[in-house]
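Trainee: I would like to learn how the features of a protein model are read. May we work through one together?

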Amino acid sequence: MKAIVIEQYGGSEQLVEKELPKPEIQDQQILIEMHATSINPIDWKVREGYLKDAMPFEFPLILGWDAAGIVSEVGSQVTQFKKGDAVFARPSMENGTYSEYVAVDEELVAFKPDHLSFEEAASVPLAGLTAWQCLVDFGQVKKGDKVLIHAGSGGVGSFAIQIAKSFGAYVFSTASSKNEAFLKELGVDEFIDYKTTDFADVVKDVDLVVDTMGGDILEKSLDVVKKGGRLVSIAGEPNVEKAKTNGITAESLWLNPNGKQLAELGQLMEKGEVQPHIGHTFPLTEKGLREAHDLSATHHAKGKIVITIQ
């Protein structure tokens, strides 16, 4: 099969095409013939070597952790899926998706919503599940909650806004002015242009903050949460002492792949309450992946960056 791999850490020029053996599935796995995948910041962070101490990988390494395609083979213990099913998934970290086939544990897979294209479905798993686990699992979001979501035009942010609104929350979100219309279309109640307005001046006593930026923004966000409220970051470790002093619960979140939750997200998409938004599309080529990685690293991509495969 064709795959785009890295053979050492470094810049986007390290992404190269290789012919590799098609994965052999285990009894509880399915083999997905890939139609699309997508780019997430973790892709280029792994490529650059930022996570090599926490997550040692073997080379050649196939990056990518979003899968959408057709079931090609099923293991002997697989019960929910059959050959020919259209599915999407966030595979385990060792099984990258910049390839024509990927092996995935059955419990991580969900049926693709019928109305979604493979490209749209591929944009969902990592970003959508991250947003879901921030809001639902950790945030315990409910109707009437006030929620601040940073960088609402990005992959996780755009899903988080829609999920929060589906639960009946009141949503603040930050982005640049060029994305104001997009965020309001997603359902944002109060848009904050981060270039002209300090969010800490206009947001007070929220029930939940979803931080996707880290650094100073994460630190300042601790001051806008009401006592008893919550803050979750996917981009840094919150100041635990400050959170304790402020009487709030603050944690960093690392995504836990989950097919059941992906199916629940699929139901929200079937109802029209959550929609994926593709901002950019590239092919599965060395040039396509390099351009996609470079765009993601700017932090200015709107919506999701999708890679078409077949």
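Trainee: Where is the place of Pro60?

Mentor: Helices (H or I, at least four residues) and strands (E, at least two) are DSSP runs, numbered from the N terminus. Pro60 is found in the loop between helix H1 (41-48) and strand E4 (61-62). A cis peptide bond joins Phe59 to Pro60, with omega about 0°. This is a predicted model, in which local features need pLDDT of at least 70, side-chain atom pairs count only at pLDDT 80 or more, and totals for chains, interfaces and linings use all residues. Residues are numbered from 1 along each chain as its sequence is written, and side-chain values use heavy atoms, with hydrogens and water left out.

Trainee: How are two packed helices described?

Mentor: They are described by the angle between their axes and by the distance between the axes. Axes are lines fitted to C-alpha atoms, for helices over the stretch in contact, and angles run from 0 to 180 degrees between N-to-C directions. Here the axes of helix H3 (residues 125-138) and helix H9 (residues 259-270) come within 10 Å and cross at roughly 95°. That makes H3 roughly perpendicular to H9; angles of 65 to 115 degrees count as roughly perpendicular, under 35 as roughly parallel, over 145 as roughly antiparallel, and the rest as oblique.

Trainee: Which residues in H3 and H9 meet?

Mentor: Contact means heavy atoms within 4.5 Å. Among the residues that meet are Leu129 and Trp132 in H3, and Leu262 and Leu265 in H9.

Trainee: Is Ser296 buried or exposed?

Mentor: Buried means under 20% relative accessible area, exposed over 50%, and partly exposed in between (1.4 Å probe, protein chains only). Ser296, in helix H10 (residues 286-297), has a relative accessible area of 9% and is therefore buried. Leaving out residues up to four places away in sequence, Ser296 touches Ile39, Asn40, Pro41, Trp44 and Ile305.

Trainee: Which residues other than glycine have a positive phi?

Mentor: One of them is Asp205, whose phi is near 55°. Asp205 lies in the loop between helix H6 (199-202) and strand E12 (206-211), and is partly exposed at a relative accessible area of 47%. His299 also has a positive phi, of about 65°. The loop between H10 and strand E16 (304-308) holds His299, which counts as exposed at 55% relative accessibility.
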